[in-house]
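Student: I've got a model open and I'd like to learn how to read strands and charged pairs in it. Can you walk me through?

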Amino acid sequence: MEWWTYWWIFLILFLVIIPARRALQLRQLRVSKRNKIKRGNGEIAMNELVKSYIGKEVIAWAGSSGGVTGTMTRIEENWVEIEDKNGNKQILNTDYISRIQDYPRNKNGKKKAVIV
């Protein structure tokens with residue numbers, strides 16, 4: 001390859017990819033701070049909402065890390081413990097959780113036929 005090809009790759013990396021990643025991290029930090037302020041004012045009761053999922057198999061989306069799948073075992077203060085099917089435990093901060101969903105049991109969309 002020519003030297004100018006490396007120059008363009010270097011330029012794209014530092015002018016596009018790295019600032020975009022940093023902007024995502026800053027946005028997540030702002031959301032976390034805003035949620036912490038709201039929780040302090042009593043506007044958000046995230047722990048009360050999350051408690052309904054204890055003992056259920058869930059998918060929790062936390063920031064840019066993607067979804068965490070497993071059984072929600074407990075919640076304390078701002079932390080949720082999720083245990084996967086292999087017994088590995090993960091702890092998530094509720095400030096960073098953007099979505100929690102029951103694990104979809106019927107992934108392929110097939111339904112049982114009902115004959116009337």
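Tutor: Let's take the strands, then the charges.

Tutor: A bit of housekeeping: this is a predicted model, where local features need pLDDT of at least 70, side-chain atom pairs count only at pLDDT 80 or more, and totals for chains, interfaces and linings use all residues. Residues are numbered from 1 along each chain as its sequence is written, and side-chain values use heavy atoms, leaving out hydrogens and water.

Student: How many bridges join β3 to β4?

Tutor: Strands are DSSP runs of E, at least two residues, numbered from the N terminus, and two of them pair if DSSP finds at least two bridges between them. Here β3 (residues 79–83) and β4 (residues 89–93) run antiparallel, joined by 5 bridges. Glu83 sits opposite Lys89 of β4.

Student: What lies between β3 and β4?

Tutor: The two form a hairpin with 5 residues between them, and Gly87 in the turn has a positive phi of about 90 degrees.

Student: Now the charges: which residue forms a salt bridge with Glu76?

Tutor: Side chains of opposite charge can pair when their charged atoms come close. The rule is a Lys or Arg side-chain nitrogen within 4 Å of a carboxyl oxygen of Asp or Glu, and the count is 3 salt bridges. Glu76 pairs with Arg74 at 3.4 Å, and Arg74 also forms a salt bridge with Glu81 at 3.7 Å.

Student: Is Glu81 buried or exposed?

Tutor: Buried means under 20% relative accessible area, exposed over 50%, partly exposed in between (1.4 Å probe, protein chains only). Glu81 is buried at 11%, while its salt-bridge partner Lys89 (3.9 Å, N to O) is exposed at 51%. Shared partners link Arg74, Glu76, Glu81 and Lys89 into one salt-bridge network.

Methods: Helices (H or I, at least four residues) and strands (E, at least two) are DSSP runs, numbered from the N terminus.
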